[in-house]
Each structure stands twice: as C-alpha cells, then as structure tokens.
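Open the structure in a viewer and keep the selection tool at hand. The stops below are meant to be taken in order.

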Amino acid sequence: MAAIGSFSLLRNCAVTTRAFSNVRVSPRATSCFNSIKFLHPHHSQRSLFCTNAIHDEEASAKAAAASADSGAPTIFDKIIAKEIPSSIVYEDEKVLAFRDINPQAPVHVLVIPKARDGLTTLGKAEARHGEVLGQLLYAARIVAEKEGILDGFRVVINNGPGACQSVYHLHLHVLGGRQMKWPPG
C-alpha cells in the first residue's frame with residue numbers, strides 16, 4: 001500500500017520523474033518519500049544511496065560531538081585497554097593501529113594515539129602535540145607497507161561533526177587496496 005502511495009506521489013511530479021530512467025522502492029518501503037531511490041540511466045546500481053543513511057550518519061556525528069569533551073572513555077580507549085577486541089596491525093609505545101570494523105576499502109586501518117592528551121580532534125592540536133602527530137603519520141606509512149599498499153593509499157582525518165567524525169579520539173584512516181578517486185567525499 002505504501003508503494004502505491006509513493007508511486008502516486010511520483011506521478012504527480014512528472015517533470016522530476018522524466019529525468020530518471022528507473023525508480024526503485026526500498027524493500028522496507030514505508031509511506032516515507034525518502035524510502036524511494038532513483039537510478040539515473042548513466043549510473044550503476046552501486047551509485048544508489050539512501051538519504052536516511054546519510055542523515056543517520058550526520059545525526060550520529062552530531063550526537064558524538066555533544067559528548068566529545070566529557071572525558072569519558074571512548075571506544076578507542078577501551079580498545080587500547082584491551083577491554084574490546086580488535087585486529088591489531090601495528091603497535092608501539094605511543095600508537096595503535098587496528099582494522100576498522102566497517103571498512104570502506106579492501107584495506108581500512110585506524111591509527112590512534114594511545115594517549116588522547118586533549119586530541120579529540122585535529123582541530124584541537126597544539127604545538128606540544130607535534131611529536132605524536134608525526135608518529136601517527138609514520139605509523140600510517142608502516143601500516144601501508146605491512147598491508148602491501150605502499151604504492152597507493154590514502155590517509156583521512158575527519159574533524160568534527162561537519163566531517164562526520166563519530167569517535168572523539170583523534171584517529172587516522174589508512175585506506176587502500178583499490179583505486180582511489182578524486183575528489184574524495
């Protein structure tokens with residue numbers, strides 16, 4: 001029934017629908033218009049996205065930002081303390097690198113400082129953090145070498161809710177194992 005209502009709504013927007021060659025309704029279709037996905041003739045099925053997922057990611061980032069400076073342990077603090085298991089790729093006295101549980105590339109490793117020391121975001125870095133910031137980048141290079149992607153990898157730092165930072169413990173994403181595109185994001 002929800003799909004019929006959604007298609008009636010689309011029929012009333014004939015100018016908009018002519019721009020699309022295919023309309024797909026999400027399997028969990030509700031009366032919500034956002035559950036309909038559009039496929040342009042030149043785009044693949046892979047290029048489809050659900051606006052609800054984007055808004056959820058943005059909402060999660062904003063919620064995480066609200067408690068960023070609370071001093072409470074982050075999930076990364078719990079991984080450092082070995083309270084939460086992780087697949088460690090590299091570790092030294094100041095840095096820990098482990099596989100992301102939601103990889104966005106064949107190789108997706110997070111590199112974090114073991115001590116937050118006020119580094120919840122890159123935007124909070126001070127001159128006194130210079131050494132650990134350098135160690136994080138050097139660890140990213142070591143990870144790339146260990147993972148066999150030294151000839152092509154990307155290092156990403158999300159800073160704040162506008163960049164959808166979801167954990168307020170500075171971290172680098174080391175991504176590789178596939179051709180990276182430009183521009184990112």
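Start with the open sheet of 5 strands, whose order is S3-S4-S5-S7-S6 with antiparallel pairing. S3 and S6 are its edge strands, each pairing on one side only. From one strand to the next, the twist averages 20°. Keep in mind while looking that this is a predicted model.

Next, select residues 95-99, which form strand S4, together with residues 107-113, which form strand S5. The two run antiparallel and are joined by 5 bridges. For one of these pairings, pick Phe 98: its bridge partner in S5 is Leu 110.

Is Glu 91 buried, exposed or partly exposed? Its relative accessibility is 37%, so Glu 91 counts as partly exposed. Show the side chains around Glu 91. Beyond its neighbours within four places in sequence, Glu 91 is in contact with Lys 82, Leu 96 and Lys 114. Two polar contacts can be drawn from the side chain of Glu 91: one to the side chain of Lys 82, at 3.5 Å, and one to the side chain of Lys 114, at 2.8 Å. For a distance across the fold, take Glu 91 and Ile 112, which are 21 residues apart in sequence, with 9.7 Å from C-alpha to C-alpha.

The next stop is His 171, in the loop between strand S6 (153-156) and strand S7 (172-176). An unreviewed UniProt entry lists His 171 under "active site". Why does His 171 count as buried? Because its relative accessibility is 6%, and the cut-off for buried is under 20%. Leaving aside neighbours within four places in sequence, His 171 is in contact with Phe 76, Leu 110, Val 111, Ile 112, Val 156, Ile 157 and Gln 165.

Finally, colour the model by pLDDT. The protein averages 78, and 70% of the residues score at least 70. Over residues 1-51, pLDDT stays under 50. For that stretch the model has 48 contacts beyond four places in sequence.

Technical notes. Residues are numbered from 1 along each chain as its sequence is written. This is a predicted model: local features need pLDDT of at least 70, side-chain atom pairs count only at pLDDT 80 or more; totals for chains, interfaces and linings use all residues. Side-chain values use heavy atoms; hydrogens and water are left out. Buried means under 20% relative accessible area, exposed over 50%, partly exposed in between (1.4 Å probe, protein chains only). Contact means heavy atoms within 4.5 Å. A polar contact is a pair of N or O atoms within 3.5 Å; within protein, one must be able to donate a hydrogen and the other to accept it, and residues adjacent in sequence count only if both atoms are side-chain atoms. pLDDT is the predictor's confidence in each residue, from 0 to 100. UniProt positions are given in the numbering used here, feature names are shortened, and annotations may be inferred rather than shown by experiment. Helices (H or I, at least four residues) and strands (E, at least two) are DSSP runs, numbered from the N terminus. Two strands pair if DSSP finds at least two bridges between them. Axes are lines fitted to C-alpha atoms, for helices over the stretch in contact, and angles run from 0 to 180 degrees between N-to-C directions.
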